Amino acid sequence: MNAPPRVIGLGEVALRVSDLTRAAAFYQDVLGLREFERFDGLVFLEVGAGEPGHPQVLALFAADWPSTRDDHGWEGLDGASSPLHHVALSTALDTLPDWERRLEAAGVAFNRRVFEWAGWRSLFLQDPDGNVVELVAVDPSLRDAQGAPD
């Protein structure tokens, strides 16, 4: 079997949300994502540069927005039972203390995690619908301490 065509990046992650205005405000006001486009029932927030013509996007879909798959549908909006584990957003290591202060000021609870095997430091929080969001930063000192290859 031939190798598949190469995937060149992550275009978007789409989340169904119970209150589009509240969710968009959280991702814009608390996490600082910039609105890329808005339609009735959809908000696209730019995460990164991505590919020409398609930035990396976090898309927020109103709960009643239909699936783009003909034979697919959903029931409910329970973040605790969602198959989504989490959404990770990259940030710079030196900004983690700033993120902590910002989250505390916004009343957003978070916890810290260190992934020594990968050389990452992370903050985990939840959006208004209970989806887990990770702010992850590369910390080369963690991998260096393990003697892991670069």
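How do S2 and S3 pair, and over how many bridges? They pair in the antiparallel sense, over five bridges. The points below set that pairing in its context.

1. **Model and confidence.** This is a predicted model; local features need pLDDT of at least 70, side-chain atom pairs count only at pLDDT 80 or more, and totals for chains, interfaces and linings use all residues. Residues are numbered from 1 along each chain as its sequence is written, and side-chain values use heavy atoms, with hydrogens and water left out. pLDDT is the predictor's confidence in each residue, from 0 to 100. The protein has a mean pLDDT of 87, and 86% of its residues reach 70 or more. Confidence is highest in H1, at 97, and lowest in helix H3 (residues 140-146), at a mean of 79.

2. **Overall layout.** There are three helices and eight strands. Both are DSSP runs, numbered from the N terminus: helices are H or I with at least four residues, strands are E with at least two. Along the sequence the pattern reads β-α-β-β-β-β-α-β-β-β-α. Of the 150 residues, 35% are buried. Buried means under 20% relative accessible area, exposed over 50%, and partly exposed in between, with a 1.4 Å probe and protein chains only. Contact means heavy atoms within 4.5 Å. Among contacts between residues at least 6 apart in sequence, 49% join residues at least 24 apart.

3. **The four-stranded sheet.** Four strands form an open sheet in the order S1-S4-S3-S2, with mixed pairing. S1 and strand S2 (34-39) stand at the edges with a single partner strand each, so one side of each has no neighbour in the sheet. The twist averages 25° from one strand to the next. Two strands pair if DSSP finds at least two bridges between them. Strands of a sheet pair through backbone hydrogen bonds, either parallel or antiparallel.

4. **Pairings inside the sheet.** S1 and S4 run parallel and are joined by six bridges. Arg16 stands opposite Phe61 in S4.

5. H1 lies across S1, S2, S3 and S4. H1 runs at about 145° to S4. Axes are lines fitted to C-alpha atoms, for helices over the stretch in contact, and angles run from 0 to 180 degrees between N-to-C directions.

6. **Nonpolar cores.** A nonpolar core is a set of buried Ala, Val, Leu, Ile, Met, Phe, Trp, Tyr and Cys residues joined through side-chain atoms within 4.5 Å. The largest has 26 residues, and those with the most contacts inside it are Tyr27, Leu31, Leu60, Leu103, Leu125 and Leu135. Elements that each supply at least two residues include helix H1 (20-30), strand S4 (54-62) and helix H2 (96-105). H1 gives the largest share, six residues. Beyond its neighbours within four places in sequence, Leu60 is in contact with residues including Leu15, Ala24, Tyr27 and Leu45. A second, separate core of five residues includes Leu42, Phe44, Val57 and Ala59.

7. **Aromatic pairs.** Rings of Phe, Tyr and Trp (its six-membered ring) pair if their centres lie within 6.5 Å; planes under 30 degrees apart count as stacked, over 60 as edge-to-face and the rest as tilted. The count is five aromatic pairs. Phe115 and Phe124 are edge-to-face, because their ring centres are 6.2 Å apart and their planes stand at 70°. Phe115 is buried at 15% relative accessibility, and Phe124 is buried at 12%. Trp117 and Trp120 have centres 5.5 Å apart and planes at 55°, so this pair is tilted. Trp117 is exposed at 59%, while Trp120 is partly exposed at 33%. Phe39, Phe44 and Phe61 form one aromatic cluster.

8. Leaving aside neighbours within four places in sequence, Glu100 is in contact with Phe110, Arg112 and Leu123. Glu116 lies in the loop between strand S6 (110-115) and S7, and is partly exposed at 47%. The C-alpha atoms of Glu116 and Leu142 are separated by 5.4 Å, although these residues are 26 apart along the chain.
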